[in-house]
Amino acid sequence: MTHSTNLAHKEATIGRKYTFQYISLPGIKMAYVDTGGNGKAVVLVHALAGTSTHWEFQLGEFSEAGYCVNAYDRRGWGESVPDMETGEQSGTANADLNRLVEHPGIERFHLIGISGGFLSV
């Protein structure tokens, strides 16, 4: 499956180290951070009314422990913004999560979420 992506760096950051990137999904440009690396993948899902900035300290800890960590702002929260150029907002939390991990080719990952973050599963 091919996805239209628009990766762009923005001034917004999490902590001092991680800069948001964007992936274009139906109706939205979803903001995420990727710590990089070749370790096992971990995806962090914020609480229903939160943002990925809540994971600031965990990003560093997991990354330093050798994991490749991704955290993203769910639809309607944080740095993720509506984008009518990419179509109607027909996506679901589960579809967004799937596209986020498909984008860099992540096949297996640990999923960590709090509160409404588990609604993505």
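This is a predicted model: local features need pLDDT of at least 70, side-chain atom pairs count only at pLDDT 80 or more; totals for chains, interfaces and linings use all residues.
**View 1. Phe 62 and Tyr 67 form an edge-to-face pair.** The structure holds one aromatic pair. The ring centres of Phe 62 and Tyr 67 are 5.8 Å apart. Their planes stand at 85°, so the pair counts as edge-to-face; the cut-off for that class is over 60 degrees. Phe 62 is partly exposed, at 24% relative accessible area. Tyr 67 is partly exposed too, at 29%.

**View 2. Asp 83 meets Lys 29 in a salt bridge.** Side chains of opposite charge can pair when their charged atoms come close. A search of the whole structure finds two such salt bridges. In the bridge shown here, the closest N and O atoms of Asp 83 and Lys 29 are 3.8 Å apart. The pair links distant parts of the chain, 54 residues apart. Lys 29 sits in strand S4, residues 28–34. Asp 83 sits in the loop between strand S7 (81–82) and helix H2 (93–102). Asp 83 is buried, with 11% relative accessibility, whereas Lys 29 is partly exposed at 24%.

**View 3. Arg 75 and Asp 96 form a salt bridge.** The closest N and O atoms of Arg 75 and Asp 96 lie 2.6 Å apart. Arg 75 belongs to the loop between strand S6 (68–72) and S7, and Asp 96 to helix H2, so the pair ties together parts that are 21 residues apart in sequence. Are these two residues, Arg 75 and Asp 96, buried or exposed? Arg 75 is buried, because its relative accessible area is 17% and the cut-off for buried is under 20%. Asp 96 is buried as well, at 3%.

Terms used:
Residues are numbered from 1 along each chain as its sequence is written. Side-chain values use heavy atoms; hydrogens and water are left out. Rings of Phe, Tyr and Trp (its six-membered ring) pair if their centres lie within 6.5 Å; planes under 30 degrees apart count as stacked, over 60 as edge-to-face and the rest as tilted. Buried means under 20% relative accessible area, exposed over 50%, partly exposed in between (1.4 Å probe, protein chains only). A salt bridge is a side-chain nitrogen of Lys or Arg within 4 Å of a carboxyl oxygen of Asp or Glu. Helices (H or I, at least four residues) and strands (E, at least two) are DSSP runs, numbered from the N terminus.
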